[in-house]
Amino acid sequence: QEVAREMIWMNQQIAGYNPVIIFISSVSAVLSSVNRTEYCVSKAGLSMASTVFADRLSREGIMVYEIRPGIIQTDMTIKLKDKYDRMIGEGLVPQKRWGLPEDIGKAVASIARGDWGFSTGMVFEISGGLNIHKL
């Protein structure tokens, strides 16, 4: 909220200033994982915060977005490498690979650069197609 107040003030003071807020949540905001309830609940809350901020701040000229990473190769997921390798191999992720931190970085850069100026409130799921519902 404090950052938003500062952005509102700066937007009134600086011509051409285009403030952007990017929330990094997780596919766990919408995918259940019974062994990680607190993680899922916290990501769902962050997702709703992004939506509410986008709604409230759009009239102030502040764009708000959410990035939902899927299965990303990080220190957090390394303990589950064998499990995720198997699940990815079985088709969980249509692109059949782990996501990389640079996949998320590229999305952040595109949004921060202003490439998505008429889409506040968008959720960018960077998950290799994990979001595709199929039978």
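Analyst: A polar contact is a pair of N or O atoms within 3.5 Å; within protein, one of them must be able to donate a hydrogen and the other to accept it. The model discussed here is predicted.

User: What makes the pair formed by the side chain of serine 119 and the backbone oxygen of tryptophan 116 a polar contact?

Analyst: A polar atom of the serine 119 side chain lies 2.7 Å from the backbone oxygen of tryptophan 116. The cut-off is 3.5 Å, so this distance meets it and the pair counts as a polar contact. Serine 119 has its place in the loop between α4 (101-113) and β3 (123-126).

User: Why is serine 119 called buried?

Analyst: The relative accessible area of serine 119 is 14%. Buried means under 20%, so serine 119 is classed as buried. Of the 135 residues of the chain, 33% count as buried.

User: Why is lysine 96 called exposed?

Analyst: Lysine 96 has a relative accessibility of 52%. Exposed means over 50%, and therefore lysine 96 counts as exposed. Lysine 96 is placed in the loop between α3 and α4.

User: How do you know which elements make up the chain, and in what order do they run?

Analyst: Helices are DSSP runs of at least four residues and strands are runs of at least two. On that basis the chain comes to four helices and three strands. From the N terminus on, the elements run α-β-α-β-α-α-β.

User: Why are β1 and β2 called paired strands?

Analyst: Two strands pair if DSSP finds at least two bridges between them. Isoleucine 24 has isoleucine 67 in β2 as its bridge partner, while valine 20 stands opposite methionine 63 in β2.

User: What makes β1 and β3 edge strands?

Analyst: The three strands form an open sheet in the order β1-β2-β3, with parallel pairing. β1 (20-24) and β3 each pair on one side only, and this makes them the edge strands. From one strand to the next, the twist averages 20°.

User: Why is β2 described as largely enclosed?

Analyst: Seven of the seven residues of β2 are buried, so β2 is largely enclosed by the rest of the structure. Met63, Tyr65, Ile67 and Pro69 point one way from β2, whereas Val64, Glu66 and Arg68 point the other way.

User: How do you know which residues line the largest pocket, and which lie nearest its centre?

Analyst: Lining residues have an atom within 4 Å of a point of the pocket. For the largest pocket there are 37 of them, and Val27, Ser28, Arg36, Ile71 and Tyr84 lie nearest its centre. The space in this pocket is about 910 Å³. By class, its lining has 18 nonpolar, twelve polar and seven charged residues. α2 (37-57), β2 (63-69) and α3 (81-89) each supply at least two residues of the lining, and the largest share, three residues, comes from α3.

Note on methods. Residues are numbered from 1 along each chain as its sequence is written. This is a predicted model: local features need pLDDT of at least 70, side-chain atom pairs count only at pLDDT 80 or more; totals for chains, interfaces and linings use all residues. Side-chain values use heavy atoms; hydrogens and water are left out. Buried means under 20% relative accessible area, exposed over 50%, partly exposed in between (1.4 Å probe, protein chains only). On a 1 Å grid over the protein atoms alone, a cavity is a set of points where a 1.4 Å probe fits but cannot get out, and a pocket is an open set with protein on both sides within 12 Å along at least five of seven lines; lining residues have an atom within 4 Å of a point. Grid points are joined across faces, edges and corners, and a volume is the space filled by probe spheres set on the points. Ala, Val, Leu, Ile, Met, Phe, Trp, Tyr, Cys and Pro count as nonpolar, Asp, Glu, Lys and Arg as charged, and the others, Gly among them, as polar. Axes are lines fitted to C-alpha atoms, for helices over the stretch in contact, and angles run from 0 to 180 degrees between N-to-C directions.
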